[in-house]
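Subject: Structure handover

Hello,

Here is the structure I said I would pass on. Please open it first; my notes follow below.

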Amino acid sequence: MTRYRRYEGKAVAVTGAAAGIGLGIAARFAGEGADVLLLDRSASVEEAAAKIAAETSTGTFGMRADVTSPEDVTRAFDLAERTWGRLDVLVNNAGVITISRLEDLTLDDWQRVLAVNTTGTFLCAQAAAAIMRRHGGGGRILNAASGQARQGFVFTPHYAASKFGVVGLTQSLAKELAKDGITVNAYCPGIVGSDMWDYNDREWGRLLGDYGPGELMAEWVAAIPLGRAGTSDDVANLLLFLASDDAAYITGQAINIDGGMFMS
Ligand SMILES: NC(=O)c1ccc[n+]([C@@H]2O[C@H](COP(=O)([O-])OP(=O)(O)OC[C@H]3O[C@@H](n4cnc5c(N)ncnc54)[C@H](O)[C@@H]3O)[C@@H](O)[C@H]2O)c1
């Protein structure tokens, strides 16, 4: 018997989808029948997408694109529109972090983190909203924020600024796009195992004290009320809900998905 797949016939774009949480999100939407365009600055995105397409029998494909490049973003969303004639969901997942003391934080790092996390989210949302409006069927824009959109952490002022920025962008676009039936929400993961967390564990561990590999993450995870780190599936479960008709009355929200790490 064929399983009912609730995103059959839907077109979804996920940025930063070659690895980590984005890859997991893309796989889950495709697993529910969606045609997914995986975008990433890494060339490995094409192979990752081809694997998902084969496993899910969907029109999923990958394309190398840097979300900070207006040309790349235009090319990617033009291709999505030419391929499917529509776009139902955009997941603005691409994000980067660097960790350093204030005196060592370079302007380059500050600008790069803001460019990917905040400006990239704006550029992709702008391109996706234009397609959603032309198609006229509404849509869903889901933006990766962070626990650091709730509270800044030490040694990451640029990352915190970028993610607080994502929440402001989310609220503003939610108000502007509501009349088009497009909802815009942000999601705030806490600690999810990924390349990003390998880096966090190493660099925060180095600056905060004498932590061995994995020790800082283990200490922080131990303080999570639900007692474990998150997974890309935890995040995808929230996004599959927010992208669904059941979430039609939710917009402009930033929702924590962090095992209780933050409660406001
Ligand atoms: N891992 C966590 O604990 C955690 C917590 C809170 C928020 N987040 C957010 O979740 C998102 C995904 O995080 P992750 O842990 O999977 O990170 P990751 O570093 O494992 O993966 C990020 C992906 O984004 C891609 N990417 C980076 N810059 C890009 C650009 N300019 N254009 C296109 N693609 C680009 C990378 O190539 C990579 O494939 C990010 O926005 C991150 O800030 C993660």
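**Helix α5 and what surrounds it**

In helix α5, the buried residues are His158, Tyr159, Ala160, Ser162, Lys163, Val166, Leu169, Thr170, Leu173 and Leu177. Please keep in mind that this is a predicted model. The buried residues of α5 pack against α4 (107-135), β5, β6 (182-189) and β7 (254-257). The helix itself covers residues 157-177, which makes 21 residues. From its first C-alpha to its last α5 reaches 30 Å, close to the 30 Å expected at 1.5 Å a residue. As background, residues three or four places apart in an α-helix point the same way, because there are 3.6 residues a turn.

**Asn143**

Which residues does Asn143 touch, leaving aside those up to four places away in sequence? They are Asn92, Thr121, Val166, Leu169, Thr170 and Ala186. Val166, Leu169 and Thr170 are among the buried residues of α5. Asn143 sits in strand β5, which spans residues 139-144. Is Asn143 buried or exposed? Asn143 has 28 other C-beta atoms within 10 Å, and the cut-off for buried is 20 or more, so Asn143 counts as buried. Ala236 is 93 residues away from Asn143 along the chain, and their C-alpha atoms are separated by 12 Å.

Strand β1 (residues 11-15) is largely enclosed by the rest of the structure, because five of its five residues are buried. Ala11, Ala13 and Thr15 point one way from the strand, while Val12 and Val14 point the other way.

β1 pairs with two strands that I looked at:

- Strand β2 (residues 35-40) runs parallel to β1 and is joined to it by five bridges. Within this pair, Leu37 of β2 is opposite Ala13. Between β1 and β2 the chain passes through helix α1 (residues 20-31), in a right-handed β-α-β crossover.
- Strand β4 (residues 89-92) also pairs with β1 in the parallel sense, over three bridges. Here Val91 of β4 is opposite Val14.

**Around the ligand**

There are 28 residues around the ligand, and those that come nearest are Gly16, Gly20, Gly95, Ser194 and Met196. Two or more residues of this shell come from each of α1, α4 and α6 (195-208). How many residues of each class does the shell have? It has 13 nonpolar, eleven polar and four charged residues.

Regards

Key
Residues are numbered from 1 along each chain as its sequence is written. This is a predicted model: local features need pLDDT of at least 70, side-chain atom pairs count only at pLDDT 80 or more; totals for chains, interfaces and linings use all residues. Helices (H or I, at least four residues) and strands (E, at least two) are DSSP runs, numbered from the N terminus. A residue is buried if 20 or more other C-beta atoms lie within 10 Å of its own, exposed if 12 or fewer, and partly exposed in between; C-beta atoms are placed from the backbone. Two residues are in contact if their C-beta atoms, placed from the backbone, lie within 7 Å. Two strands pair if DSSP finds at least two bridges between them. A crossover is right-handed if, with the strands pointing away from the viewer, the path from the first strand over the helix to the second runs clockwise. The expected span of a helix is 1.5 Å times one less than its number of residues. A residue is near a molecule or strand if its C-beta atom, placed from the backbone, lies within 6 Å of it. Ala, Val, Leu, Ile, Met, Phe, Trp, Tyr, Cys and Pro count as nonpolar, Asp, Glu, Lys and Arg as charged, and the others, Gly among them, as polar.
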